[in-house]
Each structure stands twice: as C-alpha cells, then as structure tokens.
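I opened my notebook to look up a few things in this one. My notes follow in the order I took them.

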Amino acid sequence: MKYVCSICGYVYDEAREGKPFSQLTDSWTCPLCGAAKSAFSPQQKAEATKAPAVPVHIDEDMKKLSAGELAALCSNLARGCEKQYKARESQLFHEIADYFSAAAPAVPDADIAQLVRLLEKDLGEGYPSLHSAAVSDSDRGTQRICVWGEKVTTILNTLLQRWEREGDAFLQDTQVWVCTVCGFMYIGDSAPELCPVCKVPSWKFEKIEGRASA
C-alpha cells in the first residue's frame, strides 16, 4: 500500500519502507515537507478525490470580508502575481494589503486554539466552496490558487497543532522559513532546496526572526 502526502506529493511505500503506515507513530512527519501523518491519504483515494459541489456567491462573500481578511486576500494575490513575474501588479497588491493590515483591529483573546479552528474551517468549508465556484466558471487560475492555498493552510494547521502540544520547545534550536511566493512554512536548519508547494528555489524563502525580548 502507498500513501501520498497532500502537501508535497511524497509517497510512503509500505513495501519499500518495510513498515505498515498504520504502525507509524502519530508524531511521525513527512520527511520531505514536515507535514503531519494525518496529511497522508491512500494513493488511489488521493487520485480520485474531487471537491464537493458547494454553491457560493463571490460578490456577496466579498462584502462580508473584514479588513484582516482583505489584507490576507491581497497578500495572496500579490504572491500569485510575483509567481507570474508581474512585478507592478504584485507591488500594488502588497500596498493594498498593507493598507488593510493597518486598518485591521486587534483580535481580542486571540490564541492558537482559535487560529486552529479558523484554519480547519477554511479547509472544511472555504476551499471546497471556492474550488467548486472556480470549476463552475472554468477559472483555472483560481483553481490553481485553491491547490496552493489548501496545501499551505494544511501545513500551517499542522505546525500550529504541534506548537499547541509542544509549546516553545517545538521551535527550540531550529529555524522557521517562509516561502515568499506561496506562503509555505518550513521548520528546519535551512530552507528546502525547492518549495514543496510552488517549486521555487530556496532563495525565495525568508527566515522568520523571533521577537526581541521586552
């Protein structure tokens, strides 16, 4: 039996590894991108999976977005433009994202558990709805964004859950890297040679520095 990582496509082959996937510990992670064991699916199921047909009204949804959500949306659009070598468009989207970021109010009582719940809602409801609308409109660009975004959100969810369980020890003696194109986060001494999501080289990654102590 083979199991495929939904983030980077790494295949765990039980015959080659000599150990059933079910016997791997819950703390086991993808050797390529660091995704959790839960991000793997049997190969035949992964290939047959299709997004459910969920109707969505984009115009109405846009009206409901907060300043913070608009900032995130424009930031993602900026990265998409950068990937397509559209520097001017990318710069403009970054400027709009900065404007909405400054306008976004602080979230009261924000914590990791709350962020995990929001990410899981995106994975369970948001991305399937958006993908369904993109397929209905034959919008291949948005379909590709959904693929990237879902993978990045999945890895963020995995990392936050580990941080919730392990605390600051999770990041001790290691580094945090972020792909400046798609937002993929990687934990390790150095950035991966290629981004597992958008395939850009390691120099497109930025190291996230910790906050200075007060």
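This is a predicted model: local features need pLDDT of at least 70, side-chain atom pairs count only at pLDDT 80 or more; totals for chains, interfaces and linings use all residues.

**Cysteines up close**

I started with C5: its sulfur lies 3.7 Å from the closest cysteine sulfur, the one in C33, and that is too far for a bond.

A disulfide is a covalent bond between the sulfur atoms of two cysteines. I needed the cut-off here: the pair of sulfur atoms has to be within 2.5 Å. Next I checked C33, whose closest cysteine sulfur is in C8, at 3.7 Å, so that is too far for a bond as well. My tally by this rule is zero disulfides.

Are C5 and C33 buried or exposed? I found C5 buried, with a relative accessible area of 2%. C33 counts as buried too, at 2% relative accessibility.

**A lysine in a loop**

Then I looked up K204 and found it in the loop that runs between β5 (185–188) and β6 (205–207). Why does K204 count as buried? Buried means under 20% relative accessible area, and K204 counts as buried because its relative accessibility is 18%. Leaving out residues up to four places away in sequence, I listed what K204 touches: E82, V178, C179, T180 and V181.

**Stepping back**

I counted seven helices and six strands in the protein. Along the sequence I read the pattern β-β-α-β-α-α-α-α-α-α-β-β-β. Of the 214 residues, 32% are buried. I also looked at contacts between residues at least 6 apart in sequence, and 52% of these join residues at least 24 apart. Last entry: the protein exposes about 13,800 Å², with 53% of that supplied by carbon and sulfur atoms.

Key. Residues are numbered from 1 along each chain as its sequence is written. Side-chain values use heavy atoms; hydrogens and water are left out. Buried means under 20% relative accessible area, exposed over 50%, partly exposed in between (1.4 Å probe, protein chains only). Helices (H or I, at least four residues) and strands (E, at least two) are DSSP runs, numbered from the N terminus. Contact means heavy atoms within 4.5 Å. Accessible areas come from the Shrake-Rupley method with a 1.4 Å probe; for residues, only the protein chains shown count as cover.
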